[in-house]
Amino acid sequence: MISGHALISRLAPLLACLGLLGVWQVAAVILSTDSFPTALEALRAIPSILGDKESLINILASIRRMAIGFGVAIMVSIPLGLTMGRSRSVASFLQSAADGDLSVPKAALMPIIMLWLGVGELAKILVIFLGVSLPVIYHSFQGAKAVEERCCGRAPPWGCRQCSG
């Protein structure tokens with residue numbers, strides 16, 4: 001038998017989605033403009049969008065760009081964050097650049113990126129990369145800092161920092 005609290009915690013994502021759809025529906029009805037459809041109208045349009053070949057091609061192209069941007073960000077950001085977390089000199093060198101970049105909204109960089117790279121695939125992937133990489137660097141850095149070092153008991157040069165000194 002599932003307790004009430006466990007049931008609510010399992011249903012929380014569904015309830016959150018239903019709540020957002022409800023807010024969307026109410027806002028669209030109150031504003032009643034042609035450019036802001038109701039949630040029900042949008043849900044009714046999903047089968048026709050997924051049935052259109054051109055729409056599917058565009059959706060798959062967007063998913064491909066997201067996967068490339070995310071994959072490259074993960075490949076770069078996790079090793080960088082872990083290195084920062086284990087080396088104080090690397091962290092101090094890169095921390096100021098990361099802090100400065102975190103404070104700039106990625107939407108503010110879009111006109112500059114578009115000016116430099118145009119509106120092609122590379123610009124879109126770069127925006128995704130920038131949006132993903134800094135949070136991943138930060139969390140990898142924090143995770144690496146939180147790991148407690150233990151002496152491995154092996155003699156240098158194969159031992160850990162504690163063994164060698």
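Helix α1, which covers residues 4-31, bends by about 55 degrees at A12, and a proline, P13, follows within four residues; the bend at a residue is the angle between axes fitted to the seven residues ending there and the seven starting there. This is a predicted model, in which local features need pLDDT of at least 70 and side-chain atom pairs count only at pLDDT 80 or more, whereas totals for chains, interfaces and linings use all residues. Residues are numbered from 1 along each chain as its sequence is written, and side-chain values use heavy atoms, with hydrogens and water left out.

The chain has six helices and zero strands, and its pattern along the sequence reads α-α-α-α-α-α. Helices (H or I, at least four residues) and strands (E, at least two) are DSSP runs, numbered from the N terminus. Of the 165 residues in the chain, 16% are buried, where buried means under 20% relative accessible area, exposed over 50%, and partly exposed in between, with a 1.4 Å probe and protein chains only. Among the contacts in the chain with a separation of 6 or more, 49% come from residues 24 or more positions apart, contact meaning heavy atoms within 4.5 Å.

The loop between α1 and α2 holds S32 and also T38.

| Residue | Relative accessible area | Class |
|---|---|---|
| S32 | 57% | exposed |
| T38 | 15% | buried |
| G85 | 14% | buried |

When neighbours within four places in sequence are left aside, T38 is in contact with W24, Q25, A28 and V29. With the same exclusion of neighbours within four places, G85 is in contact with F141, A144 and K145. The C-alpha atoms of G85 and A144 are separated by 4.6 Å, although the two residues are 59 residues apart along the chain.

Helix α2 (residues 39-51) and helix α3 (residues 53-86) pack at an angle of about 85 degrees, with their axes 5 Å apart. That makes α2 roughly perpendicular to α3, since angles of 65 to 115 degrees count as roughly perpendicular, those under 35 as roughly parallel, those over 145 as roughly antiparallel and the rest as oblique. The axes are lines fitted to C-alpha atoms, for helices over the stretch in contact, and the angles run from 0 to 180 degrees between N-to-C directions. In this packing, I49, L50 and G51 of α2 meet K53, S55, L56 and I59 of α3. By class, the contact of α2 with α3 has four nonpolar, two polar and one charged residues.

The largest nonpolar core consists of seven residues, namely A73, I113, A123, F129, L130, V132 and V136; such a core is a set of buried Ala, Val, Leu, Ile, Met, Phe, Trp, Tyr and Cys residues joined through side-chain atoms within 4.5 Å. Helix α6 (residues 121-146) gives the most to this core, with five residues. Apart from this core lies another, of five residues, among them M84, A91, I137 and F141. I113, a member of the largest core, is in contact with G118, A123, L126, V127 and L130 when its neighbours within four places in sequence are left aside.

How values were computed: Ala, Val, Leu, Ile, Met, Phe, Trp, Tyr, Cys and Pro count as nonpolar, Asp, Glu, Lys and Arg as charged, and the others, Gly among them, as polar.
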